[in-house]
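Subject: Structure handover

Hello,

Here is the structure I promised you. Please open it and keep it beside this email as you read.

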Amino acid sequence: MDKLIISTSPHFLRKVPTSSIMRDVIIALIPASVAAVVFFGFKALIMIAVSVGCAVASEFFFNMICKKKQTVGDLSAIVTGLLLALNLPSSVSVWQCVVGSVFAIVIVKCVFGGIGCNFANPAITARVFLLIAFSTSVAGGAATSFAELTTGATPLEVIKNGGSELPSLLDMFLGNRGGAIGETCALALLIGFAYLLIRRVINWHTPVIFVGTVFLLSLAIQQNLTLATYEVLGGGLLLGAIFMATDYSTTPINKVGKMVFALGCGIITVLIRFFGSYPEGVSFAILFMNILSPFIEKLCARRPFGGIKHGKK
């Protein structure tokens, strides 16, 4: 018995390379990217191209300067650049996309040791950084009319300010409304969600609990089913819940931990939306829970059979 090795799961690992997982995420983001170009025009395509290009270049040159093994082939830099672009409104300048991409890759990812070692999701952290540094352009949205852009408040800003001129729920679902270029079309995001589930890249727990928490708490606060639905379709809730709250390296690995993580994201999102000065809270919620992720994972880990609780002999 002294030679018996006791360890926590997983005991069987899938031999799936990182590049394969990232390729699936890129494919899942194609519908949202296409919708972004349809609704926001050529500017969205430029933002996506610049963000992805700068993210890949930043990782390549960082590895070259530091004489580290090149890792651009794992495609994670492409995913980071793509997610960052989709999280930004069309009101941002192209040079701000460059700043965000470099920050995400160099500061958040590479400095901490590369993929799997970063403390938070690079795209979401860069989005928060840009929001704080350039709040005028990054916090705003643009109302759309199939690629004809006009300045306007996002649906969450309208609700926050007590307004009543909201897009129809159909427009909210299809994407003909204001917001970040990749968050407006719920249909496109759900198609990507279905693809990731089919490919078994993610499970349903985190997205469903995250979105469900926001919906139920919004319904309890507003006492209005329609407005609670707007809270789900508005902002970056679906984009964040599906593609960033499910990040492997910055979220708990065990099922219970994932549920706690998602629940925390939902609660913080609602607190910021309803009681904070900012109408959106998804990015801040995910970033905050990323920081708590190691503690959640430790607290929610199952004790292996025959093991001893931490701190006891």
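Helix 13 gives the most to a nonpolar patch, with 4 residues. Keep in mind that this is a predicted model. The patch lies on the surface and is formed by Leu217, Ile221, Leu263, Ile267, Leu271 and Phe275. Together these residues have about 530 Å² of accessible area. Which helices each supply at least two residues of the patch? They are helix 10, which runs over 205-222, and helix 13, which runs over 255-275.

Leucine 217 sits in helix 10. Its relative accessibility is 31%, so leucine 217 counts as partly exposed. The partly exposed class lies between the buried limit of 20% and the exposed limit of 50%.

Is leucine 75 buried or exposed? Its relative accessible area is 17%, so leucine 75 is buried. The cut-off for buried is under 20%. Arginine 200 has 59% relative accessibility, so it counts as exposed. Exposed means over 50%.

Now go inside. How many cavities of 30 Å³ or more are there? The count comes to 2.

The largest cavity holds about 140 Å³ of space. Its lining has 17 residues. Arg127, Ala139, Thr154, Glu183 and Tyr278 are the ones that lie nearest its centre. By type, the lining of the largest cavity divides into 7 nonpolar, 6 polar and 4 charged residues.

The second largest cavity holds about 40 Å³. What lines the second largest cavity? Its lining is made of Asn87, Arg127, Glu183, Gly236, Gly240, Glu280, Val282 and Ser283. These divide into 1 nonpolar, 4 polar and 3 charged residues.

Two names come up in both linings.

Best wishes

Note on methods: Residues numbered from 1 in each chain as written. Predicted model: local features only at pLDDT ≥ 70, side-chain atom pairs only at ≥ 80, totals over all residues. Heavy atoms only, no water. Patch = residues over 30% accessible without salt bridge, like charges linked within 9 Å, V, L, I, M, F, W, Y side chains within 5 Å. Areas by Shrake-Rupley, 256 points an atom, 1.4 Å probe, with all protein chains shown as cover. Salt bridge = Lys/Arg side-chain N within 4 Å of Asp/Glu carboxyl O. Buried < 20%, exposed > 50% of the residue type's maximum accessible area, 1.4 Å probe, protein only. 1 Å grid on protein atoms, 1.4 Å probe; cavity = no way out; pocket = protein on both sides within 12 Å on 5 of 7 lines; lining within 4 Å. Points joined across faces, edges and corners; volume = space filled by probe spheres on them. Nonpolar A, V, L, I, M, F, W, Y, C, P; charged D, E, K, R; others polar.
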